[in-house]
Amino acid sequence: MLSAHDGWKNNSPGDGESDGRRLPAPDAVGNETAALAAENEPMPRLLLIEDDKETADEIRAELGDRGFDVSWAADGIEGLDKARSGGADAMIVDRLLPGMDGLTVIETLRGEGIRTPVLVLSALGAVDERVRGLRSGGDDYLTKPFATVELVARIEALLRRPAESPDTVLRVGPLELDLIKRTAKRGERTIELLPREFRLLEYMMCRKDQMLTRAMLLEEVWNYKFVPQTNLVDVHMGRLRHKVDEPNELPMITNVRGVGFILRAPA
Amino acid sequence: MSAASGSSSVRLPDFARTTTFGSTLAIASAFVLCTVLLFGFVYWQTAAYLTSSIDALITGELQIFAAEPPERWLAHINERLDNDPRRIRIAGLFGADGHRIAGNLESLPGGLTPDVPADAVVVRVDNQGRETEKVRLATERLPDGEVLAIGRNNDEIAGIANIVRRALMLGLLPAFGLAVVIGLVLSLRARNRLLEVNRRIQRIVAGDLRERLPTRKGNDPFDQLAVSVNRVLGEIEALIQEIAGVGNDIAHDLRTPLTRVRVRLERGRARATTLDELRGVVDQSIAGLDQSLTVITALLRIAEIEHSRRLEGFSQVELAPLVREVGELYEPIAEDKHVSLQVEAADEATVQGDRDLLFEAVANLVDNAVKFTPKGGRVGLALLRRNGESVVRISDTGPGIPEIEREAVTKRFYRSDKSRNTEGLGLGLSLVGAIVKLHGLRFTIADGPGCTAEIAFPQVN
């Protein structure tokens, strides 16, 4: 699994200030997919409920390339049927659907006790819609149009949601975070963290080896409901990385240019 | 007329159907009725007075007669009648069997009660001939059975009735005519005015939003109404123009990056010779598209804030922690840019509001300040109290915002946000404006060393 992520184009630690959002080179993505397939894990199954065939085809092709088994429903009622019959590890539901509204589909499923994680897709407005989507039982919300890497990162995050753990000490490789004492250590070295840096590291350690996009970090760590004009995430992440990865140590936080960040134990 | 009278399709002239004309007619009729009643009363009172005077006269004479000895009667009657140049006196002496003994009364009319004056129609005979006339007459039966009748012509009363009738005619008809004419003129004027208003409204409905209702110098309710309606029309026109302006702004904001993307793609397609070159072009194009999407997101966000009715979702927000949090968030960014960010949050104010939005507003201002302040400059973020208000002040040593654009960004954010033309300023200030407006706060941009932006919170606890 780790090798899969070697495909992400790594940047040197000083590369924190991203100059814009760019997709990773396609070959990098391809490598990861190949690696996933090679490991012979069961393919995660997704249910996509999306009325626009062209969009649906694109999403299916893209996710198919990345090792997902995607089935498709073109309207809310069909989608509800497929969701009830089970089998999907996660669902992608468009907000506006013919027949039955996307939110109604989710509410119905939740009412029936079906807890499959749902990513809501919408071309509708920003914050209020997002709140509505999450309130009706969605687990994440993505506004159209979106970068494919963003979609993939969020689906992986949904599939690998951290279980509620009773542990009060998080560990990733040599990194140790004590949630009670609010201290961080890498090996024997103590790391001094500001409150927000602590929260950021905690979030990342709960989701080690996962691609975390800037938007996800903004929403989850900073609890931001807006996109700041400045590269806030990069600057704060740069600081954290500076503290976690000292020059003589193997880097644990990787900046995937234009996409986001991954924390993993040094190889 | 007789043919039409049974039909309901009788068409009155247009003016006769107007409300004004109808009320004029009603008022004129009421006026006529009152006048007729008044004149009738005057006539009735006058006639009663005259009748009672005549009655007093004739009963008086009867008594004088009765007091005289019978041998004087004939002489008295003749004397009385001779001494009557206006020929208004009536007198007669009749025998017990009813034959005339003396006087100018041809016969005694029947149905008279002795001593009670009454109206009677009698025939007068004298040297000028014989004529029938209406009189007031009283009789008295004398001791020896003869009947004495004394009367007086009461043509005077008829004369007065005539005078009253003529006065009524002379006064009433012109007055009524005048009322009708005035009603006609007023209703025609009102009708013309309404027609004009209606015409203009039709034009407004047809889309001519610059049209206004006619007003006169006067201050009658109609004018007041027209002025109010015109004010409403002005508001509508401004709003429509604003929407058009918003449309133009959006078009401009979106077309600029999209045009760049298009040109880039065309050039890339024509010129790129290697896959890497083509990828470079595509990467740049995606960045351009992302820029357009950012604009759309920001515009939607502004619209969302402007149209939200969040007031019920407001809660108590402590400003000092909020300001410190923004400072903490931007401190590393300022440091990276070698700009010093000084945060002072001394005031312990609590305000009513949406914390996320207020945070967004302050963060946007700090974001701008840090972005536009050159290396080595200073950005100040302060929460202070001034004249009972809490003020969040963001000052910087950047280039500032030119006066003209400052007006534009503080006034009508969404519409005339000229600041969008300033490279990189983005829609941030428009967002701040929308948030400030939603909270009913005051936002000002002033000169500092660079630029000083202030959000003033009135009514703080």
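Analyst: Helices here are DSSP runs of H or I with at least four residues, strands are runs of E with at least two, and both are numbered from the N terminus. This is a predicted model, where local features need pLDDT of at least 70, side-chain atom pairs count only at pLDDT 80 or more, and totals for chains, interfaces and linings use all residues. Residues are numbered from 1 along each chain as its sequence is written, while chains are lettered from A and ligands numbered from 1 in the order in which they are written.

Let's start with Asp209(A), in the loop between α8 (195-206) and β10 (212-213) of chain A. Asp209(A) isn't a glycine, yet its phi is positive, about 65°. It has 15 other C-beta atoms within 10 Å, so it counts as partly exposed (buried takes 20 or more such atoms within 10 Å, exposed 12 or fewer, partly exposed is in between, with C-beta atoms placed from the backbone).

Chain A has another loop to look at, between β5 (140-143) and α7 (148-159), where Pro145(A) lies. The peptide bond leading from Lys144(A) into Pro145(A) is cis, and omega is near -10°.

Now for a helix in chain A: in α5 (residues 102-111), the buried residues are Gly102(A), Leu103(A), Val105(A), Ile106(A) and Leu109(A). Down the axis of α5(A), they fall within an arc of 155°, so they line one face of the helix (the arc is that of the directions from the helix axis to the C-beta atoms). After α5(A) comes Gly113(A), with a positive phi near 85°.

Over in chain B, Asp115(B) sits in the loop between β2 and β3 (118-126). Asp115(B) is a non-glycine residue with a positive phi, near 70°, and it is partly exposed, with 13 other C-beta atoms within 10 Å.

Strand β2 (residues 100-103) of chain B pairs with β1 (residues 89-94) of chain B in the antiparallel sense, over 3 bridges (pairing takes at least two DSSP bridges). Ala102(B) in β2(B) is the bridge partner of Leu93(B).
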